[in-house]
Amino acid sequence: MDIVFIKQLQVDTVIGVYDWEKTIKQRLLLDLRLTADQRAAAQADDIRLTLDYAVISARVIELITAEPIELIETVAERVAQLLLTEFSTSQVEVTVSKPGAVPQAQTVGVQITRFAPEVNH
Ligand SMILES: Nc1nc2c(c(=O)[nH]1)N=C([C@H](O)[C@@H](O)CO)CN2
């Protein structure tokens, strides 16, 4: 199946469990993969038939920065649910990295996969 992806989307936001984290912005990096058949868009060469990665990026940044969040798991789940409800995709993979969190590590993070509900006709 086809994938529209966004790699290393930078989002500076209030994120973290501890009190000191609630007064500063920290950087998150997101990798997003959205499954959707792209043949019709390619055949018609029409942006309206695909998943516009610019629109998706802006919407995800808007969601994450709307209010402080404690866990990166919460970020991943909210982003996955947004993608499934607002865009025509059957499966999403969301990776959220918080590169500054553990100095001894290159980065840390969480990766989730979520599916759109089956539609019974
Ligand atoms: N699995 C998680 N572990 C931790 C998180 C998190 O969001 N998910 N967050 C923190 C703190 O906010 C940390 O980033 C401060 O450096 C600790 N562990």
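**Loops, a strand and a ligand shell**

Asp45 sits in the loop between α1 (39-44) and α2, where helices (H or I, at least four residues) and strands (E, at least two) are DSSP runs, numbered from the N terminus. This is a predicted model: local features need pLDDT of at least 70, side-chain atom pairs count only at pLDDT 80 or more, and totals for chains, interfaces and linings use all residues. Residues are numbered from 1 along each chain as its sequence is written.

Reader: Is Asp45 buried or exposed?
Author: The cut-offs go by other C-beta atoms, placed from the backbone, within 10 Å of a residue's own: 20 or more is buried, 12 or fewer exposed, and in between partly exposed. Asp45 has 8 C-beta neighbours inside 10 Å, so it counts as exposed.

Reader: What phi does Gln8 have?
Author: Gln8 lies in strand β1 (residues 3-13). Most residues other than glycine have a negative phi. Gln8 is not a glycine, yet its phi is positive, at about 55°.

Reader: How many other C-beta atoms lie within 10 Å of Glu67?
Author: Glu67 belongs to the loop between α2 (53-65) and α3 (72-86). Its C-alpha atom is 7.6 Å from that of Val14, 53 residues apart along the chain. Glu67 is still exposed, and the number of other C-beta atoms within 10 Å is 8.

Reader: Which residues are around the ligand?
Author: A residue counts here if its C-beta atom, placed from the backbone, lies within 6 Å of the molecule. That gives Gly16, Val17, Tyr18, Glu21, Leu71, Ile72, Glu73, Lys98 and Ala101.
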